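Please look at the model before reading on.

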Amino acid sequence: MNDPLRAKLNLFITASLAFALGLGMASALNLTPMSLAAGDRDAPEWIIGAPPIQGGSPGAGFADIVDRIAPAVVTIYAERAGDPNDTEGLRLRPGIEEFVIPWSGSGFVISADGYVVTNNHVVEGASQIDVELADQRRFSAELVGRDPQTDVALLKLAAADLTVAPLGFADSTRVGEWVLAIGSPGFSGGGPAPLETTVTAGIVSAKGRSINILGRRTQLAIEDFIQTDAAINRGNSGGPLVNARGEVVGINTVIASETGFNQGYGFAIPIDLAREVIDDLIEHGEVRRAVIGVLINAVTSADAKYYELDRVAGAKVQNFSDEDSPARLAGLRPGDVILSVEGQPVIGVPDVQRRIRQYEPGETVNLDIVRRDKTRDQVSVTLAAGQDEAIEGPTRLAARDRNGRGDALGVIEVASLTARTRSRLSLPSEVDGVVIAEATAGGPLGRALGMTIPPKDVVIEDLNGETIGGPEQYEQVIASLDPGDAVSLRVQIPLPSNSGTVWQAQIVSVEVPQR
């Protein structure tokens, strides 16, 4: 082969390899825009994955990431009708004889044609929603839909060519990775001037957290939070949690605090879950998800001991969503622990929810369970479409009192359920047992219930499956417990609602502390 021909052949091979390598890199980086399924609406041209940050200067820290994301972060101003007799925090809307309560939060743009993501609690109950972009342009926003079960809401602006926040994948995010919490709180800072873009840095502290913050507001809450120590304060709700590649991996949502301000425990909704919600909101205007119709709690170490499990894993059935709950009709009972879904072991509540979300209403799934009498079984549940009912309740997680006193459960006094007590508590006639008159939040039962105040007025129905008929029987069972024993209780907890007190049954396991 002569030299000119050899040179041409080498050039052709080199060009072919470079082209193939380029295709492989583009595929690995996932740089192509991805659209959601759409019904009557145009699908958003949101961006999945972000190209590497180029040209970063030494010592710049996260500045290049902020330069990319901050233009897509927005301030959301919302108003709801207020009571004119309660003047605190109210203002009169100009030109309209109507008192309104103003508040604000954050959000971020996910498509150039105006779709904006935020938290449900930022826009819930709003009669007017305005969005201010980073360049200070202001738009009246349309509420496309919201989902109380995940605390995700979707807005639409009449805008075009907006800066878009690239989306990443929460599933592949690792504990220990650097993340930024970015928000634009507006007037939530309380100062004379609006607070615009704010940035805090931290790491991913944990994944798959279930903290029962949404469960206090909605019966079918889905909690699969990313925990971070990046500071999230009031007004930052709805803003993006961003990884070191400049991709959104979560929606900043809630903090655990005694004061309402950051103390190092922040929680964000995984962007993978949010994308599922957004898909349904655009296509249907609501979220359509399959449910088994149960209220479940995480398995504790005391549960694992009582149920004789090999490890602390699973989800414990507390109650059913209604009489027609698929799980109830399939034969599940309160106190059953779900160990696996379709043969896939579950670690906790988020794991069960994540696996059920893979199926459609009408499909059947097999659940491996262990019952309260410690027998093992399998049930087949035909999934239904979720229909939720909101619960009025607190919206902030507080630290717990760790002072333990009282009996083996931390209960100081129980009382009989007299006619007067039943009337005061609006207790259904079918509920029987003893009512807690005094207890401590730091005792074993208080901690098991997640109480931030002493569990007063909680009704104990049975202990280890044995019905409690009165204070004397309760004291006999408690006296028979030894340090280190695990005890299973069925309790009824009073929850406030718009229609009065709603009673919720729970099965909890408590380990008697060593004296």
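Q: Over the face of which residue does lysine 156 lie?
A: This is a predicted model. A charge counts as sitting over a ring if NZ of Lys is within 6 Å of the ring centre and within 35 degrees of the ring normal. Lysine 156 is at 5.2 Å from the ring centre, and the ring belongs to tyrosine 115.

Q: Which lysine lies over the face of tyrosine 306?
A: The distance from the ring centre of tyrosine 306 is 4.8 Å. The cut-off is within 6 Å. The residue is lysine 374.

Q: What kind of pair do the rings of phenylalanine 62 and tryptophan 178 form?
A: The structure holds three aromatic pairs. In the pair of phenylalanine 62 and tryptophan 178, the ring centres are 5.5 Å apart. Planes under 30 degrees apart count as stacked and over 60 as edge-to-face. The planes here are at 55°, so the pair is tilted.

Q: How many residues apart in sequence are the parts that this pair ties together?
A: Phenylalanine 62 lies in the loop between strand S2 and helix H2. Tryptophan 178 is in strand S11, so the parts joined are apart in sequence by 116 residues.

Q: Is glutamine 506 buried or exposed?
A: Glutamine 506 is in strand S30. Its side chain makes polar contacts with the side chains of asparagine 297 and glutamine 504. Buried means under 20% relative accessible area. Glutamine 506 has 11%, so the residue is buried.

How values were computed. Residues are numbered from 1 along each chain as its sequence is written. This is a predicted model: local features need pLDDT of at least 70, side-chain atom pairs count only at pLDDT 80 or more; totals for chains, interfaces and linings use all residues. Side-chain values use heavy atoms; hydrogens and water are left out. Rings of Phe, Tyr and Trp (its six-membered ring) pair if their centres lie within 6.5 Å; planes under 30 degrees apart count as stacked, over 60 as edge-to-face and the rest as tilted. Helices (H or I, at least four residues) and strands (E, at least two) are DSSP runs, numbered from the N terminus. Buried means under 20% relative accessible area, exposed over 50%, partly exposed in between (1.4 Å probe, protein chains only). A polar contact is a pair of N or O atoms within 3.5 Å; within protein, one must be able to donate a hydrogen and the other to accept it, and residues adjacent in sequence count only if both atoms are side-chain atoms.
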